[in-house]
Amino acid sequence: MVVPSGYIIRFSQGTGIEWLGDVFGSIAYEIFWILLVAAIAPRISAFKVALGVCIATCGLEFLQLWQPPFLQAARSTLPGRLVLGNTFVWSDFPPYFIGSFLGWIWIITAKKYTFKSFG
């Protein structure tokens, strides 16, 4: 649900406001990775998952400043572009923080209601 929504928002031309699509796409990107990591490793605390994903995505953003041939080759592919990105932009950081917070809330809420319903 998060992945299609994020890509529809990011690449949709409906709003006419390109940066808004980038912001919501980045938030969805962050939430996706948090939910994926939480699903793979459910014993890790929600806070640690959200913090780890936020640090990793911020690291990937800084990695965009480095342009060696092997990374350029990876970025020339669609999966490489989607995961590694192309261009370093300072304005990507606030949506990463917002997405991490929302992903953290999502995990806490899901765990709270999931375990209550089986308890």
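Visitor: Is Asp92 buried or exposed, and where in the chain is Asp92 found?

Guide: The general idea is that relative accessibility is compared with a cut-off, and a residue under 20% counts as buried. In this predicted model, Asp92 counts as buried because its relative accessibility is 17%, and Asp92 is found in the loop between α5 (78–84) and α6.

Visitor: Which residues is Asp92 in contact with, once its neighbours within four places in sequence are left aside?

Guide: A contact here means heavy atoms within 4.5 Å. By that reading Asp92 is in contact with Ser26 and Glu61. Ser26 lies in helix α2 and counts as buried, because its relative accessibility is 2%.

Visitor: What separates the C-alpha atoms of Ser26 and Gly99?

Guide: The C-alpha atoms of Ser26 and Gly99 are separated by 7.3 Å, although the two residues stand 73 residues apart along the chain. For the chain as a whole, among contacts between residues at least 6 apart in sequence, 63% join residues at least 24 apart.

Visitor: How many helices and strands does the chain have?

Guide: The secondary structure of the chain comes to 6 helices and 0 strands, and the order from the N terminus on is therefore written α-α-α-α-α-α, each element being numbered from that end.

Visitor: Which residues make up the largest nonpolar core?

Guide: A nonpolar core is read as a set of buried residues of nonpolar type whose side chains are joined by atoms within 4.5 Å. The largest one has 7 residues in all, namely Ile34, Ala38, Ala46, Val49, Ala50, Val53 and Ile107.

Visitor: What is Ala46 in contact with, leaving aside its neighbours within four places in sequence?

Guide: Ala46 is in contact with Trp104, Ile107, Ile108 and Lys111. Of these, Ile107 is also listed in the largest nonpolar core, together with Ala46.

Visitor: Why does Ile31 count as buried?

Guide: Ile31 is buried because its relative accessible area is 9%, and this residue is found in helix α2. The C-alpha atoms of Ile31 and Val53, 22 residues apart along the chain, are separated by 9.0 Å.

Visitor: Which residues does Thr57 touch, and is Thr57 buried or exposed?

Guide: Thr57, found in helix α3 (residues 46–63), counts as buried because its relative accessibility is 5%. Not counting residues up to four places away in sequence, Thr57 touches Tyr29, Glu30 and Tyr96. Over the whole chain of 119 residues, 30% count as buried.

Visitor: What does the accessible surface of the chain come to, and which residues make the nonpolar surface patch of about 410 Å²?

Guide: The accessible surface of the chain comes to about 7,800 Å², of which 74% belongs to carbon and sulfur atoms. The nonpolar patch of about 410 Å² is made by Ile98, Phe101, Leu102, Ile105 and Ile108. Leu102 lies in helix α6 (residues 93–118) and counts as partly exposed, because its relative accessibility is 38%.

Visitor: Where is Val89 found, and how far apart in space are Val89 and Leu65?

Guide: Val89 is found in the loop between α5 and α6, and at 31% relative accessibility this residue counts as partly exposed. Val89 and Leu65 are 9.5 Å apart in space, C-alpha to C-alpha, and 24 residues apart in sequence.

Notes. Residues are numbered from 1 along each chain as its sequence is written. This is a predicted model: local features need pLDDT of at least 70, side-chain atom pairs count only at pLDDT 80 or more; totals for chains, interfaces and linings use all residues. Side-chain values use heavy atoms; hydrogens and water are left out. Helices (H or I, at least four residues) and strands (E, at least two) are DSSP runs, numbered from the N terminus. Buried means under 20% relative accessible area, exposed over 50%, partly exposed in between (1.4 Å probe, protein chains only). Accessible areas come from the Shrake-Rupley method with a 1.4 Å probe; for residues, only the protein chains shown count as cover. Patches are made of residues with over 30% relative accessible area and no salt bridge: like charges are joined within 9 Å, nonpolar side chains (Val, Leu, Ile, Met, Phe, Trp, Tyr) within 5 Å. A salt bridge is a side-chain nitrogen of Lys or Arg within 4 Å of a carboxyl oxygen of Asp or Glu.
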